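Open the model in your viewer and keep the selection tool at hand. We will go stop by stop.

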Amino acid sequence: MRSTKHNTHRVARLAPRAQVRYSSVPCAANIAQAELSNGLRVFAYENFASPSVVVRGYLVAGACDEAPAGPPGSPEVDAGANHAGVNRAGLAAFVADCLMRGAGSLSYEQIFQQIESIGAHLDVSGGMHTTGFYAKSLVEDLPFMVDLLSTVLIHPTFPSEEIERERGEWLTTLQERANSASAMAGLIFNELCYPAGHPYRYSIEGYPETARALTRDDLVAFHRTYFSPQDMVIVIVGAVKAEDAHALVERAFGAWRANRPARPPLPAAPKLQASIRRHHAMPGKAQTSLMVGHPGPSRRDPDWIKLALMNSILGQFGMYGRLGQRVRKERGLVYAIGSYLEGGLGPGPWHISAGVHPDLVDRVIEICLAEMRRLRERKVRPQELQDNQFYFIGSLPLRMETNDGIAGQIVHMARYELGLDYLLHYPDRVRAVTPADIQAVACTWLDPDHVAVATAGP
Amino acid sequence: MERAPVNRLRSKAVSRRRRPWRIVTAFDHYIKAVLPNGLTIVLRENHAAPVASLWIWYRVGSRNEHPGMTGAAHWVEHLLFKGTPRYTESEMDRLISREGGARNGMTWIDWTTYYETLPADKIDLALDIEADRMVNALIEPADVRNERAVILNERRGAENSPTFRLFEEVQAAAFKVHPYGHEVIGYLCDLESMTRDELLSFYRTYYAPNNAVLALAGDFEAEDMLARIARRFGRLKPAMRIPRVSAVEPDQTGERRVIVKGEGATNYVLLAFRSVPATHPDFFPLVALDSVLCGASGLSFTGAVATNRTSRLSQALVDTGLAADVAGGVSPTIDPYLYILFATLQPGSDIDALERALWAELDRVRRRPVSQDELDKAIKQTKAQFVFGAESVTNQAFWLGFSEMCADYGWFYTYLDRLSAVTLQDVQRVANTYLSRDRATVGYYLGQG
């Protein structure tokens, strides 16, 4: 058994235990970066361990651009409805879903026939701030995949018949969402956390009313207005030389010229004025989905690593951190519980989520709030912090084992402007965090007296 | 650059007599060995990244449960995380996590498995934990009580999903005799009544080196790794008698139908056909048939990375607006299991019309051979999936062990060759043999709004 006797001094001089081969960590020295004349940034990382390649990235078009925000019928939306009087929640995601329904001279069937006949994968999805894309193929098919990616992003044709097919699938997804306790708890939680008019209040996937109302003109206009190579990022990782990867992107995207309007700043996401709770009744369900939390920090917050460590201690480390210990291991109250920091380009929510027996919801909420208070009131034990620090540093090689994992890390560094040497300095930054830092960020960011509590279930 | 363990082992053949393991097979960076106590070891060196993944597989799943004990295998899996005299629950969690490791356990119809993926120079920790809990799990009464509540919560969470409830009913209707008829998580009444003694007895019966396979892939040297494994597992005693499953499901002689009504507005259709074991000659033709109907299956245990938009059933059901999604799957199993087709209906879609369209496609594939292009696409998709799956040592070790559960590693190693050998006539033949109405169990989930 290892010793459990530790003190803060020991934490401060942790040995450099990171199991990272620095020669293979993606960093400025081995990521080939270039910017095209249209503003598109391309990053390439060579990895010849397997004859496959991954393309990941994003362009700046998302649900944030769907002004006015909100579901139809809500007063804040009707007051600011667009010229057609139709709300647009879900438009960015619908546009992304329809891109592959026809592009350039290719029909929907031809696009998928080409992708599936080579065993490749291509996916585009609309998010809150950006539209992301992901392609994976054997390296011999990379030129084709990059060309196809450019065709669907730049030249979608939005055939009416295909839009209706996509709409049918969308409506099914929304119908299934209405019968998912966890999804409904999530919708309510965001409504409780963010004020009227804030994009984070509303669903990226939209609502049945908007799904039925959006027109082809809406899709075309959104694409024409917001799809642009400005600030777009493409990351290519795999068995391809960096200069070849750059040349492929230049050939496919270099001539694209389109400017998008400047995006207004996000409205404020103020702290909640009081705790607020709402239940969505779903008769017939066996379990209640619970979310407890409030607006959180952006990923670009300078305290992010401290926050991530604090969150790990609370509800991630091992089997769901302290929450797992109290709620599952000691009492058997849940199968799964965890705490999550969803901050991205803006102040995404911080929350605890769990599936709970309907009779035990209050008890679990009580424990969650007590654990939030404990992090604010008492410093974490140095040993506990050290375990989490080791976990953050030691798990780096696992996160970068595959092309997918490496590409994800590079996109992350680009999106949040962390610098390409972020991972090199990451172990030192993690090691520098102290118990006092954890308590300080808990006091700043965890507010057990002003939480949103959303439940959905019987 | 990968080393060749085969050559190294041969060059040291003189001293091999002193080693406790027996090499069964060695080829292409792969070794299969057995310890005197019956523990099977499968290793694959891969030096692409400084990580290693250990999976320990037990030949026990819901297939080994009898009425009154359904859910026992899964419950025991939970209890193996609760600690031993050497490692408490928290200590196990802590030690793996602080090294940056990932770990979990899974129970299925044929097997139970536990894995740890770690930085390669920390993999001994996983060996220590797995050797210890193979025989020393405490299974304390308080832990049994606690995990009973956790698993009841897990079951309630699953019951929130209409598709879980539909599948459970279809499975039960498809099997009258064989234990494949019940869900891995077990029936509520058994989860409420099973005792600690029964679970302890279940553990002691099935957890032994001669009922286990240790699969390890990653950045290590095979010879050295065999010695490290033998040091930890070599002294564990084999079980005297491990009960074998003797149940044989009688032939099905007519279509069976199940209707589940529940909350929500969405309807689902599930068709389950009695299938063949992984080792049956018709398994690979069925895989090819499934690819034509529903797209190629992923070969990553974390999920597939492939769309199926050009598959026959997607075109017939999704493109026509009847369904929002369709999926299929043939699972490699020890005993004959099920070939599954599953569709999610679009709002307002007629469930009878969808089923008719589905049968029409199955009739078509029975009447006329599929095209060579369709078969070629299935093979190319599977080849790509193999390449993608090989990037991760966790996935490699998963397949090393999984294939030993239902066949052996040679089965997985020759997967592509065997799939490539499938002919158009094979596909038509298995469609006629297995996709008949008399072998089908049809399930409807009817959302009540």
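How far apart do the C-alpha centres of domain 1 of chain B and domain 2 of chain B lie? They are 27 Å apart. Keep in mind that this is a predicted model.

**Stop 1: the two domains of chain B**

Select residues 5-233 of chain B for domain 1, then 256-447 for domain 2. Color them separately.

**Stop 2: where the domains meet**

Here 35 residues of domain 1 of chain B are in contact with 29 residues of domain 2 of chain B. Stay on the domain 1 side. Pick out these elements of chain B, each of which supplies at least two residues to the side that touches domain 2:

- strands S2 (30-34), S3 (40-45) and S4 (51-58)
- strands S6 (112-119) and S7 (212-218)
- helix H6 (162-174)

Zoom in on H6(B). This helix brings the largest share of that side, nine residues. Now color the domain 1 side by class: 20 residues are nonpolar, eight polar and seven charged.

**Stop 3: chain A against chain B**

Zoom out to both chains. The contact draws 57 residues from chain A and 55 residues from chain B. Select these elements of chain A, each giving at least two residues to the side that touches chain B:

- helices H4 (108-117), H6 (160-178) and H12 (317-329)
- helices H14 (382-394) and H15 (396-399)
- strands S7 (131-138) and S11 (334-341)

Which helix gives the most to this side of chain A? Click on H6(A), which gives nine residues. Finish with the class coloring. The side of chain A that touches chain B holds 23 nonpolar, 22 polar and 12 charged residues.

How values were computed
Residues are numbered from 1 along each chain as its sequence is written. Chains are lettered from A and ligands numbered from 1 in the order in which they are written. This is a predicted model: local features need pLDDT of at least 70, side-chain atom pairs count only at pLDDT 80 or more; totals for chains, interfaces and linings use all residues. Two residues are in contact if their C-beta atoms, placed from the backbone, lie within 7 Å. Helices (H or I, at least four residues) and strands (E, at least two) are DSSP runs, numbered from the N terminus. Ala, Val, Leu, Ile, Met, Phe, Trp, Tyr, Cys and Pro count as nonpolar, Asp, Glu, Lys and Arg as charged, and the others, Gly among them, as polar. Domain bounds come from an automatic or database domain assignment.
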